[in-house]
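Morning, everyone. I will go through one structure, starting with the core and then turning to the pockets.

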Amino acid sequence: MKKFLAIMLAAVMLFAFAACGGNTATDGNATNGNATEGNAELLGMSESPIADVALNIDYEVPADFKIGFICLHDENSTYDLNFLNAVDRIQEALKLTDEQVVVKVNIPEGDECYVAAKDLVAEGCKIVFANSFGHESFMIKAAKEFPEVQFCHATGTKAHTEKLANFHNAFASIYEGRFLAGVAAGLKLNEMIAAGEFTAEEAKMGYVGAFTYAEVISGYTSFYLGAKSVCPSVTMDVQFTGSWYDVTEEKNAAEALIARGCKLISQHADSMGAPGACEAAGVPNVSYNGSTYDACSETFIVSSAINWTPYYNYIIGQYIKGEEIAADWCGGIAEGSVVLTGINQDVAAEGTFDKIQALVEDLKAGEVKVFDTANFTVGGEAVTSFLADVDDAGDNVGETEAIAEGYFDESAHRSAPYFSMRIDGITLLNEMY
C-alpha cells in the first residue's frame with residue numbers, strides 16, 4: 001500500500017496537479033495512507049489541484065468586474081498549469097462568472113503579449129496579469145498606453161524602477177520551498193549512503209535548469225543548501241537547457257547528469273522530461289511546480305511550488321477597494337504562497353515528514369535563514385558583502401547591498417530573486433542566457 005504524506009504550510013493544506021494525478025482524500029484521511037492519530041490532520045491529498053487556502057476576502061466583486069490572464073504556455077507546461085489552477089481557485093472562491101475571467105494561453109515573449117494585453121483591455125478587463133519573465137517589456141508598454149487598467153506581472157524586475165502607478169511585479173519566497181525540498185533530497189542521499197549504495201564522497205546531485213538567470217540560480221542554490229544542511233558532503237552539477245519548456249532537452253539534460261554519476265535529480269524546468277528520465281533510470285527525483293507521483297511513483301519524493309491564489313486575491317481586493325497595489329509583492333509560507341506537495345513515503349527517507357514540518361515552523365519564526373552566509377563560501381572565502389543587481393538596468397552590475405545581519409536578504413529589495421552568487425560545491429556544466 002502506497003503511503004503519501006502531505007505537509008501543511010500555514011493555512012495551506014497541500015498542492016498537487018491534476019495533470020500528474022496524485023491520490024485524493026476526503027475528510028482529511030488519505031485513501032492510500034496509513035494515518036496515525038497524532039498527525040492525521042496533516043494527511044491526505046486535496047481533491048482540488050490547488051490546496052484550500054484561507055483567503056481573506058473582505059470585499060464584494062461587482063458584476064462588471066473582469067480580469068485577464070496571459071500565459072506563456074498552456075496546461076501542458078507545469079509552470080503555466082500552476083497559474084491556471086490558481087485562476088480556477090480564485091474564480092471559485094470569488095464566484096466569478098466565466099465572462100469575468102478571460103485567459104489567453106500560448107502567448108510568446110514578444111509583441112504578441114502586447115497585442116494580447118490590448119485585446120484584454122478591449123474586452124473590459126480591469127486587471128491584466130502576465131506570467132512570464134519575457135512578457136515584462138510588453139506589459140509595461142501596455143501599462144503606459146492604458147493608465148486606467150492595472151497590469152500585474154509575475155517574475156518581473158522593473159516595477160520599482162519604472163514607477164508606474166498601474167504596473168506591478170510579484171513573486172514568492174520559493175527559495176524557502178526549494179530549501180525544504182533540498183532537505184528531503186539530502187535525507188534521501190543519507191539513506192542511500194547508509195544502505196551502501198555509494199559513499200558520502202560520491203553524494204552528488206544533478207539539477208536541470210532553464211537559463212542562467214538569478215531566478216534559477218537562487219532556486220538551485222537554495223535547493224543545494226537544503227540538501228547540504230543534512231548531508232554535508234553533497235555536491236551538485238547543473239545543466240541548463242536554454243528553454244523554460246522543452247521535453248527533449250530536459251530529458252537529455254537529466255540523462256547526462258545521471259551518466260555523470262548524479263544520484264538524485266531536481267529541476268527548474270517545466271516539462272515531464274527530467275522526471276520521466278529519472279523514473280526510467282530509477283533515480284530519485286525532486287520535481288517543481290507540482291506532484292509527478294502518478295507518472296513517477298517509483299522515484300518522485302516531493303515538489304515545491306508557488307501558489308498564486310493569494311496574490312490574485314490581493315490584487316483583485318486592492319482594485320475593488322480602491323487601494324494601492326504594491327509595486328513589488330512577495331508572499332511566503334505564512335501567506336500560503338509557498339507550498340509543498342505530499343511526500344511519497346515509498347521513496348523518501350524515513351523521518352522526512354517530521355524534519356520538514358519542524359523546519360516549516362523555524363522558517364516562519366525566522367530562526368532559519370536559507371541564505372545564511374555561515375553555510376556557504378564563494379571561491380573558498382566567506383561572504384560578508386555582495387552588491388546585487390536589483391535595479392536590472394541591463395548592465396549586469398550590482399548596486400544594492402544584499403547581505404544583512406549575516407545572510408543574503410533575498411526578496412527584500414524587489415519581489416523577483418536577485419541571488420546570483422556561484423557558491424562552492426555547485427558546478428555549472430554550461431551556461432544559457
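Which residues have the most contacts inside the largest nonpolar core? They are Met205, Trp308 and Phe408, in a core of 92 residues. A nonpolar core is a set of buried Ala, Val, Leu, Ile, Met, Phe, Trp, Tyr and Cys residues joined through side-chain atoms within 4.5 Å; buried means under 20% relative accessible area, with a 1.4 Å probe and protein chains only.

Before going on, the sources. This is a predicted model, where local features need pLDDT of at least 70 and side-chain atom pairs count only at pLDDT 80 or more, while totals for chains, interfaces and linings use all residues. Residues are numbered from 1 along each chain as its sequence is written, and side-chain values use heavy atoms, leaving out hydrogens and water.

Back to Met205. Leaving aside residues up to four places away in sequence, Met205 touches, among others, Ala185, Leu189, Phe223 and Cys262, contact being heavy atoms within 4.5 Å. A second, separate core has 22 residues, including Tyr114 and Ala159.

Now the pockets. A pocket is an open set of points on a 1 Å grid over the protein atoms alone, where a 1.4 Å probe fits, with protein on both sides within 12 Å along at least five of seven lines; lining residues have an atom within 4 Å of a point. About 600 Å³ of space lies in the largest pocket, counted as the space filled by probe spheres set on the points, which are joined across faces, edges and corners. Of its 27 lining residues, Tyr213, Ala214, Asp389, Asp392 and Asn396 are the closest to the centre.

The second largest pocket has about 360 Å³. Its 22 lining residues include Ser173 and Glu410, which are among the closest to its centre.

Technical notes: Buried < 20%, exposed > 50% of the residue type's maximum accessible area, 1.4 Å probe, protein only.
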